[in-house]
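I'll jot down what I look up as I go.

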Amino acid sequence: MLTLYKPGSGWLHRMPAGPKLLLVLSVVLGVSLLPSHWFSAGLAAAVGILGYAVAGLGPGLHGIKELGRQVFAIRWVIVITVVSQLIFMGPEPAVANAARVTAAIVLAALLALTTRVTALLDAIEAGLRPLERLGLDPQRIALLLTVTISTIPVLGRRASEVRDAQWARGARNNPRTFVVPFLIVALKHADELGDALTARGVR
Amino acid sequence: MTKHSLLSNLPAKRRLDATSLARVAIFAAIVAVMGMPGGFAVAGGVSITLQTLGVMIAGAVLGPRLGALSMTVLMALVAIGLPLLAGGRGGIGVFFGPSAGYLVGWILGAFVIGLVVHAGGRKPVLWRTLVGMLLGGILVIYAVGVPVQSMVTRLPLGETAVLSLAFIPGDLIKAVTAALIVMTLVRAYPRAFNRVWATKKTPVLEPAK
């Protein structure tokens with residue numbers, strides 16, 4: 001399964017998932033709440049660059065290159081924000097708000113870049129444990145998330161099988177002719193999955 | 001009923017059994033797969049994702065609570081860094097971006113669609129399904145999405161609403177398509193809904209004298 005994780009050994013990589021989540025969230029929230037002035041544009045950009053520079057993503061300029069990739073990935077968000085705000089509000093809010101939103105998104109990406117999905121799943125399970133008294137079952141939630149993760153590639157393969165079968169019969173790429181057979185295949189898989197879970201003692 | 005009691009480990013309350021768990025997981029995965037490359041049609045260079053179509057169908061097939069739960073599962077997986085949104089987007093960052101509200105709206109939208117489509121425990125009919133799609137799949141999602149977008153980008157609410165109008169035609173097409181797909185499922189694969197519908201009382205035939 002493809003994830004956004006990039007292996008590494010910097011201090012952010014080694015930090016436990018729970019505290020790292022809180023750290024990243026507080027920095028992102030801080031940047032998000034900056035006022036819409038020129039100085040916040042500079043500050044947001046500075047925090048973003050600093051964050052990637054000190055995160056220990058790799059030797060030399062590796063962190064900054066990664067920042068470039070992250071900014072490029074959300075280029076359309078940036079363009080739409082800048083253009084719409086230029087039209088309706090003028091240059092200062094346009095630049096400040098675009099910088100603020102961009103910095104928040106790329107800084108938040110540091111979490112996924114430096115943390116394995118399994119570590120975050122464990123952190124979620126641990127974080128939900130105090131809620132057990134309220135009737136929440138952290139293990140069942142973790143099971144639900146894990147089962148979903150392992151199901152996605154399976155359904156991805158089923159989807160391309162359905163698509164191939166239709167191409168072979170000369171069908172065009174039409175959502176309606178694709179979705180119904182795919183749904184039925186997927187729901188049959190759900191029945192099998194439910195039986196398999198029951199057979200393994202999940203009631 | 002809240003999600004707490006749904007996921008309860010207390011025997012007295014209703015908990016998520018294996019069948020429901022599998023169906024919730026499958027629908028979260030279906031919506032994820034619908035956002036993958038090849039899963040959408042391209043019209044005029046702009047890719048139209050099928051993900052909201054998946055959200056609408058999830059609510060209609062799973063019903064309100066399980067539908068909302070499956071969208072919550074999808075959002076949780078996105079938040080922990082899986083690139084499951086259309087265009088390979090993912091990570092906690094999307095919940096700080098302009099589209100955050102629309103994504104949270106999926107959860108509420110699936111819930112409302114489930115409520116309307118299965119109102120009174122009756123078998124889905126086309127008009128009720130279509131109303132559900134328009135109400136939950138468009139109105140509710142925009143009602144959450146537009147204010148949050150306005151808050152994130154600090155563009156006033158009115159202007160943000162005008163911007164979002166660009167997506168309305170596509171969403172209308174998706175709502176109609178989703179309703180037709182659900183009706184096809186009702187006829188072709190009623191097992192999908194995993195529930196017994198309330199039936200009309202059939203008139204008892206008088207025994208022949």
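This is a predicted model: local features need pLDDT of at least 70, side-chain atom pairs count only at pLDDT 80 or more; totals for chains, interfaces and linings use all residues.

**Entry: chain A, overall**

A compact globule of 203 residues would come out near 17 Å, but chain A has a radius of gyration of 22 Å. I then looked up the box its C-alpha atoms fill, and along the principal axes that box is roughly 60 × 50 × 40 Å.

What is chain A built from? I find 9 helices and 0 strands. Reading from the N terminus, the order is α-α-α-α-α-α-α-α-α.

**Entry: confidence in chain A**

The mean pLDDT of chain A is 87, and 98% of the residues score at least 70.

**Entry: helix 3 and helix 6 of chain A**

Helix 3 (residues 38-54) of chain A packs with helix 6 (residues 91-114) of chain A at an angle of about 20°, and their axes are 8 Å apart. Because of that angle, helix 3 of chain A counts as roughly parallel to helix 6 of chain A. The crossing of these two helices of chain A is left-handed.

I listed who meets whom. From helix 3 of chain A the residues include A:Trp38, A:Ala41, A:Ala44, A:Ala45, A:Gly48 and A:Gly51. From helix 6 of chain A they include A:Glu92, A:Ala96, A:Ala99, A:Arg100, A:Ala103 and A:Leu107. By class, the contact of helix 3 with helix 6 of chain A divides into 12 nonpolar, 3 polar and 2 charged residues.

**Entry: confidence in chain B and the complex**

Chain B has an average pLDDT of 83, with 83% of the residues scoring at least 70. For the complex, the predictor gives an ipTM of 0.83 and a pTM of 0.84.

**Entry: where the chains touch**

I counted the contact from the chain B side: 56 residues of chain B are in contact with 62 residues of chain A. Among the elements of chain B that give two or more residues to this side are helix 3 (51-62), helix 4 (64-79), helix 6 (126-153) and helix 8 (168-188). Which helix of chain B gives the most? Helix 2 of chain B does, with 13 residues. Sorted by class, the side of chain B that touches chain A has 36 nonpolar, 15 polar and 5 charged residues.

**Entry: helix 3 of chain B and its partners**

First partner I checked: helix 8 of chain B. The axes of helix 3 and helix 8 of chain B come within 9 Å and cross at roughly 40°. That angle is why helix 3 of chain B counts as oblique to helix 8 of chain B. The crossing is right-handed. B:Leu53, B:Met56 and B:Ile57 are among the residues that helix 3 of chain B brings, and B:Ala178, B:Ile181 and B:Leu185 are among those from helix 8 of chain B. The class count for this contact is 10 nonpolar, 2 polar and 2 charged residues.

Next partner: helix 4 of chain B. Here the axes of helix 3 and helix 4 of chain B come within 7 Å and cross at roughly 140°. Helix 3 of chain B passes helix 4 of chain B in a right-handed crossing. B:Val55, B:Ala58, B:Gly59 and B:Leu62 of helix 3 make the contact with B:Leu66, B:Gly67, B:Ser70 and B:Met71 of helix 4.

Notes. Residues are numbered from 1 along each chain as its sequence is written. Chains are lettered from A and ligands numbered from 1 in the order in which they are written. Two residues are in contact if their C-beta atoms, placed from the backbone, lie within 7 Å. Helices (H or I, at least four residues) and strands (E, at least two) are DSSP runs, numbered from the N terminus. Ala, Val, Leu, Ile, Met, Phe, Trp, Tyr, Cys and Pro count as nonpolar, Asp, Glu, Lys and Arg as charged, and the others, Gly among them, as polar. Axes are lines fitted to C-alpha atoms, for helices over the stretch in contact, and angles run from 0 to 180 degrees between N-to-C directions. Angles under 35 degrees count as roughly parallel, over 145 as roughly antiparallel, 65 to 115 as roughly perpendicular and the rest as oblique. A crossing is left-handed if the near helix is turned anticlockwise from the far one by less than a right angle, and right-handed if clockwise. pLDDT is the predictor's confidence in each residue, from 0 to 100. The radius of gyration is taken over C-alpha atoms; the globule rule is 2.2 Å times the number of residues to the power 0.38.
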